[in-house]
Every structure is written in C-alpha cells, then in structure tokens.
Amino acid sequence: CLAKDTEVKVPESILKELTQLAGLDIKALQREQLNRRIKRLINDLFVPEVEDRRRAAEELDKIGKAEINVVAALVKALKDNDSEVRQSVAQTLGKLRNSSEEVQQGLLGIVKNQKDDSQVRLYAEEALIKLGNISEKVQQGLLTIVQNQNDDSKVRSDAAKALGKLGNISEEVQQGLLTIVQNQNDDSKVRSDAAKALGKLGNISEEVQQGLLTIVQNQNDDSK
C-alpha cells in the first residue's frame, strides 16, 4: 500500500513495526515511495491544469533531486505557456544546480526572449547565477542581452550583474562589457552595473583596467 500510494500517511513507529513484521527494508520502501512521487510530479508538469503544473515544479524544488529525468522534464517545462509556471521551473532549475549545457541553454533561451515576461526573464538570470560554472557560449549570450539597447533596462542590468557574479568570464566578454561602459549614449544604470561587474571579477586584463581607469578620470561620465 505504501509503495503504491505516495499520499498515505503512516506514523513512523507503526511503519517500523509493520516493515519488521513483513521482513521489509524501510529505507528501500521509502526510496520507492520517493521515486514514485517524483515520477508523478514529472507527469504533473504537463497536465492541463496550470495550478497543478506550478505546484509540481515547486514540489520538485523541495525534493531537491537533480536526476536526469527530473532535469530533462524541467527544461522542457521552461516552454510552458503560463508565465508563473515558467518562473517556478526556472527557480527550481537554479536551486537544483545542475549546470549541464541543456539547462544553461534552456534558461538562456528565456532570458533572450524579449517577448517573455520580464519577471520570468529575471528569475532565469538568477538561476544562471546559481549554476555558477556556465559556458563561454552562455556568457556571450548574456553579453548580447546587455548590449541590446532596445531591451528592458532592468533585464540588461541584471545580465551584467550575472556576468560579474560568475567571477570567471572570458576576455572577449570583458571587452564587451567595457565597450558598454564606455558608451555614454547608453543607459547610465546599465553602464554602471557593467562597470561594477568588471570590478568584481578581479582577473580582468590590463587593457580593460586601463579602460576603466580612463572612465574614472572622466569627470563628465555619469556611469562611475
């Protein structure tokens, strides 16, 4: 009964007594329960009811199992047609900290989609930060967002912050951020966050250091 119905609530003392009498392994039984629950939640990610899909993502977050089948299902659910579901899925992927290329590209796809809800895009950026060790391809994708002056300024600023928090970005991306900082026609908040991102890296090239120094010395620059 316990193995087949994950909703059954049996007091721990009774469970131990029953398993001893039946000669069962309680830990193996609990693992089986958990596996069945995870399988059910994966299925619930794709049911017609929005609330059930959102709840499934949140419950998988609480369980915290970054198994291949769980991660694959969550990446697929990033394309859900409900923004709150996509937001919950992005949060869960960030907390599971599976930094596979599949996860990185899935989250980046949301961040790059200007038609998506800005709040969802910000959650996806936060998830990428939590992954930590993201590929140079994804770094370049975040830089592209920062460089796009037609995009939401908050999303651009947070993309710059994300690059700064990663702590180890390529010199090409560093140069891209510097170019943004140097562009006085760009949004001052975006430029400021790009400058702060470079300042947090600690491993910036001498050329980028000189570029930042020039900006600091320019009394007419408002990005400092």
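## Helix 9 beside helix 11

At roughly what angle do the axes of helix 9 and helix 11 cross, and within what distance do they come? In this predicted model, the axes of helix 9 and helix 11, the latter made of residues 188-201, cross at roughly 5° and come within 8 Å. That makes helix 9 roughly parallel to helix 11, because an angle under 35 degrees counts as such. On the side of helix 9 the contact is made by S153, R156, S157, A160, K161, L163 and G164, and on the side of helix 11 by K189, V190, D193, A194, A197, K200 and L201. Sorted by class, the residues in this contact of helix 9 with helix 11 are 6 nonpolar, 3 polar and 5 charged.

One of the residues taking part is S157, which lies in helix 9, a helix that covers residues 153-166. S157 counts as buried because its relative accessibility is 3%, and buried means under 20%.

## Helix 9 beside helix 7

Helix 9 also packs with helix 7, which is made of residues 118-131, at an angle of about 5° and with the two axes 9 Å apart. Helix 7 and helix 9 are therefore roughly parallel to each other. The residues of helix 7 that meet helix 9 are S118, R121, L122, E125, L128 and I129, while those of helix 9 are K154, V155, D158, A159, A162, K165 and L166. By class, the contact of helix 7 with helix 9 is made up of 7 nonpolar, 1 polar and 5 charged residues.

An α-helix has 3.6 residues a turn, so residues three or four places apart point the same way. With that in mind, the lists of residues in helix 7 and helix 9 given for this contact can be followed along each helix in the structure.

## Helix 7 from end to end

Helix 7 has 14 residues, and from its first C-alpha to its last it reaches 20 Å, close to the 20 Å expected at 1.5 Å a residue. The N-terminal end of helix 7 is capped by D117, which has a side-chain oxygen 2.8 Å from the backbone nitrogen of Q119. Just after helix 7 comes G132, which takes a positive phi of about 80°.

The buried residues of helix 7 are V120, R121, L122, A124, E125, A127, L128, I129 and L131, and what covers them includes helix 5 (83-96), helix 6 (101-112), helix 8 (136-147) and helix 9. K130, which is also found in helix 7, counts as partly exposed because its relative accessibility is 29%. Leaving aside neighbours within four places in sequence, K130 is in contact with G94, K95 and R97. K130 and E206, which are 76 residues apart in sequence, are 28 Å apart in space from C-alpha to C-alpha.

R97, one of the residues in contact with K130, has its place in the loop between helix 5 and helix 6. Phi of R97 is near 60°, a positive value in a residue other than glycine. R97 is exposed, because its relative accessible area is 52% and the cut-off for exposed is over 50%.

The 12 residues of helix 6 should span 16 Å at 1.5 Å a residue, which agrees with its end C-alpha atoms being 16 Å apart. V103, Q104, G106, L107, L108, I110 and V111 are the buried residues of helix 6. What covers these buried residues includes helix 4 (68-77), helix 5, helix 7, helix 8 and helix 9.

V85 is found in helix 5 and counts as buried, because its relative accessibility is 0%. Apart from neighbours within four places in sequence, V85 is in contact with V50, R53, R54 and D80. The C-alpha atoms of V85 and V50 are separated by 7.3 Å, although the two residues are 35 residues apart along the chain.

D44 lies in helix 2, which covers residues 26-44, and at 14% relative accessibility D44 counts as buried. Apart from neighbours within four places in sequence, D44 is in contact with D52, R53, R55 and A56.

How values were computed: Residues are numbered from 1 along each chain as its sequence is written. This is a predicted model: local features need pLDDT of at least 70, side-chain atom pairs count only at pLDDT 80 or more; totals for chains, interfaces and linings use all residues. Side-chain values use heavy atoms; hydrogens and water are left out. Helices (H or I, at least four residues) and strands (E, at least two) are DSSP runs, numbered from the N terminus. Buried means under 20% relative accessible area, exposed over 50%, partly exposed in between (1.4 Å probe, protein chains only). Axes are lines fitted to C-alpha atoms, for helices over the stretch in contact, and angles run from 0 to 180 degrees between N-to-C directions. Angles under 35 degrees count as roughly parallel, over 145 as roughly antiparallel, 65 to 115 as roughly perpendicular and the rest as oblique. Contact means heavy atoms within 4.5 Å. Ala, Val, Leu, Ile, Met, Phe, Trp, Tyr, Cys and Pro count as nonpolar, Asp, Glu, Lys and Arg as charged, and the others, Gly among them, as polar. The expected span of a helix is 1.5 Å times one less than its number of residues. A polar contact is a pair of N or O atoms within 3.5 Å; within protein, one must be able to donate a hydrogen and the other to accept it, and residues adjacent in sequence count only if both atoms are side-chain atoms.
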